[in-house]
Amino acid sequence: MIAFEDARKRLKTRLAELDHRLVDIEHDLDEAKPADFEEAASDRESDEMLEELGSVGLLEVRMIEAALKRLDDGTYGVCVSCGEPISVERLEAVPHTPLCKTCAGAGKH
């Protein structure tokens, strides 16, 4: 049995963590850049890594928001691809997953 309120709480906690992290990343990216060429090159590499982390974070935010919507709609825990139940173990490991293990392994979206 899926504890929906536990899932909602975990999802909202993770969403708050991501929100905080994304604000930090945005702040770091907005900092003034050094004039020194070598430092600027190093900062550019750091910025690219931060941007990638930000993109990954934004994707997870969208997935969590979609999972919260599925909770509201009563479809949480049901695979969006095949309509079969998602295992409790999978939901505990990845509470925002929209796919059952079979569909996730098949690369379905």
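With which residue does arginine 8 form a salt bridge whose closest N and O atoms are 3.0 Å apart? The partner is aspartate 72, a salt bridge being a side-chain nitrogen of Lys or Arg within 4 Å of a carboxyl oxygen of Asp or Glu. This pair links distant parts of the chain, with arginine 8 in helix H1 and aspartate 72 in helix H2, 64 residues apart.

The structure is a predicted model, in which local features need pLDDT of at least 70 and side-chain atom pairs count only at pLDDT 80 or more, while totals for chains, interfaces and linings use all residues. Residues are numbered from 1 along each chain as its sequence is written, and side-chain values use heavy atoms, with hydrogens and water left out.

The protein chain contains 4 helices and 0 strands; helices (H or I, at least four residues) and strands (E, at least two) are DSSP runs, numbered from the N terminus. Of its 109 residues, 28% count as buried, where buried means under 20% relative accessible area, exposed over 50%, and partly exposed in between (1.4 Å probe, protein chains only). Among contacts (heavy atoms within 4.5 Å) with a separation of 6 or more, 54% join residues 24 or more positions apart.

The largest nonpolar core has 18 residues, of which Leu11, Tyr76 and Cys79 touch the most other members. Such a core is a set of buried Ala, Val, Leu, Ile, Met, Phe, Trp, Tyr and Cys residues joined through side-chain atoms within 4.5 Å. Helix H1 (4–30) and helix H2 (37–73) are the elements that give two or more residues to this core, and H2 supplies the largest share, 6 residues. Leaving aside neighbours within four places in sequence, leucine 11 is in contact with Ile64, Ala67, Leu68, Leu71, Tyr76, Pro95 and His96.

In total, the structure holds 5 salt bridges. Arginine 8 also meets glutamate 5 in a salt bridge at 3.7 Å, N to O; these two residues are 3 apart in helix H1 and so are separated by about one helical turn.

Another salt bridge joins the side chains of arginine 14 and glutamate 17 (3.2 Å, N to O). Both residues lie in helix H1, 3 residues apart, about one turn of the helix. Arginine 14 is partly exposed, with a relative accessible area of 25%, and glutamate 17 is partly exposed at 43%.
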